[in-house]
Amino acid sequence: MGRLMHFEIHVDDMDRAKKFYEEVFGWTFEDYSEYAGMPYFGAVTGDDKEPGINGALMKRQSPPPEPGQALNGYACTMGVENYDSVETKILNNGGKVALPKYALPGMAWQGYYLDPEGNIFGIHQPDKNAK
């Protein structure tokens, strides 16, 4: 099977990116730079007993996407319990709205954001009352 098991977020400023994901989502990081031969921090995104995957922040190897450019890669979406609270954390920690909160009727609230490194990610709050 080809189940997704790891992600990598390309960043220019490792400290800024680590701080953003620590503050917004509570992730922790482990330094694997020696093994990778470049700045590379494993991201622990939650308890291994819960659904989800871990990933990493790695040093960007090419220019970042241009502002306003359409997404041309994968976008990871994080499940959250309180959409509005997490959106506030994103904005207070240097993130920007890419696509505002919208309803997936009868299912959830969804939206997309830019992290301080210019990467797009989503947040998703299940809510069968979303309209």
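Is Ala75 buried, partly exposed or exposed? I will start there, with the reminder that this is a predicted model. Ala75 has a relative accessibility of 31%, so it counts as partly exposed; the range for that class runs between 20% and 50%. The residue sits in the loop that joins β4, residues 54-59, to β5. If you look for Ala130, which is 55 residues away along the chain, its C-alpha atom is 22 Å from that of Ala75.

A second residue of this kind is Tyr102, in strand β6, residues 96-104. Its relative accessibility is 29%, so Tyr102 is partly exposed too. Between the C-alpha atoms of Tyr102 and Thr28 there are 29 Å, and 74 residues in sequence.

Now to the inside. The largest nonpolar core is made of 25 residues. Those with the most contacts within it are Tyr21, Phe25, Trp27, Leu57, Ile90, Phe121 and Ile123. Two or more residues each come from β1, α1, β3 (40-44), α3 (83-92), β7 (108-114) and β8. The biggest contributor is α1, with six residues.

Next, the rings. There are eleven aromatic pairs in the model. One of them is Phe25 with Phe121: the ring centres are 5.9 Å apart and the planes meet at 85°, so this pair is edge-to-face. The cut-off for that label is over 60 degrees. Phe25 belongs to helix α1, residues 14-25, and Phe121 to strand β8, so the pair ties together parts 96 residues apart in sequence.

The limit for buried is under 20%.

Both residues are part of a cluster held together by ring pairs, whose members are Phe7, Phe20, Tyr21, Phe25, Trp27, Tyr83, Tyr113 and Phe121.

Two lysines also sit over rings. Lys18 is placed over the face of Phe41, 4.0 Å from the ring centre. Lys101 has its charged end over the ring of Trp109, at 4.7 Å from the centre.

How much space lies in the largest pocket? The volume is about 750 Å³. It is lined by 31 residues, and the closest to the centre are Leu71, Gly73, Tyr74, Asn119 and Ile120. Strands β1 (6-11), β5 (76-79) and β8 (120-126) each put at least two residues into the lining. The largest share is that of β1, with five residues. By type, the lining of this pocket has 18 nonpolar, ten polar and three charged residues.

The second largest pocket holds about 490 Å³. Here the lining has 17 residues, and Thr45, Pro51, Gly52, Ile53 and Thr77 are the closest to the centre. Which strand gives the most to this lining? That is β5, with four residues. The lining of the second largest pocket divides into eight nonpolar, six polar and three charged residues.

To close, two items to find on the screen. Phe121 pairs edge-to-face with Phe25, and both are among the residues with the most contacts in the largest nonpolar core.

Technical notes:
Residues are numbered from 1 along each chain as its sequence is written. This is a predicted model: local features need pLDDT of at least 70, side-chain atom pairs count only at pLDDT 80 or more; totals for chains, interfaces and linings use all residues. Side-chain values use heavy atoms; hydrogens and water are left out. On a 1 Å grid over the protein atoms alone, a cavity is a set of points where a 1.4 Å probe fits but cannot get out, and a pocket is an open set with protein on both sides within 12 Å along at least five of seven lines; lining residues have an atom within 4 Å of a point. Grid points are joined across faces, edges and corners, and a volume is the space filled by probe spheres set on the points. Ala, Val, Leu, Ile, Met, Phe, Trp, Tyr, Cys and Pro count as nonpolar, Asp, Glu, Lys and Arg as charged, and the others, Gly among them, as polar. Rings of Phe, Tyr and Trp (its six-membered ring) pair if their centres lie within 6.5 Å; planes under 30 degrees apart count as stacked, over 60 as edge-to-face and the rest as tilted. A charge sits over a ring if NZ of Lys or CZ of Arg is within 6 Å of the ring centre and within 35 degrees of the ring normal. A nonpolar core is a set of buried Ala, Val, Leu, Ile, Met, Phe, Trp, Tyr and Cys residues joined through side-chain atoms within 4.5 Å. Buried means under 20% relative accessible area, exposed over 50%, partly exposed in between (1.4 Å probe, protein chains only).
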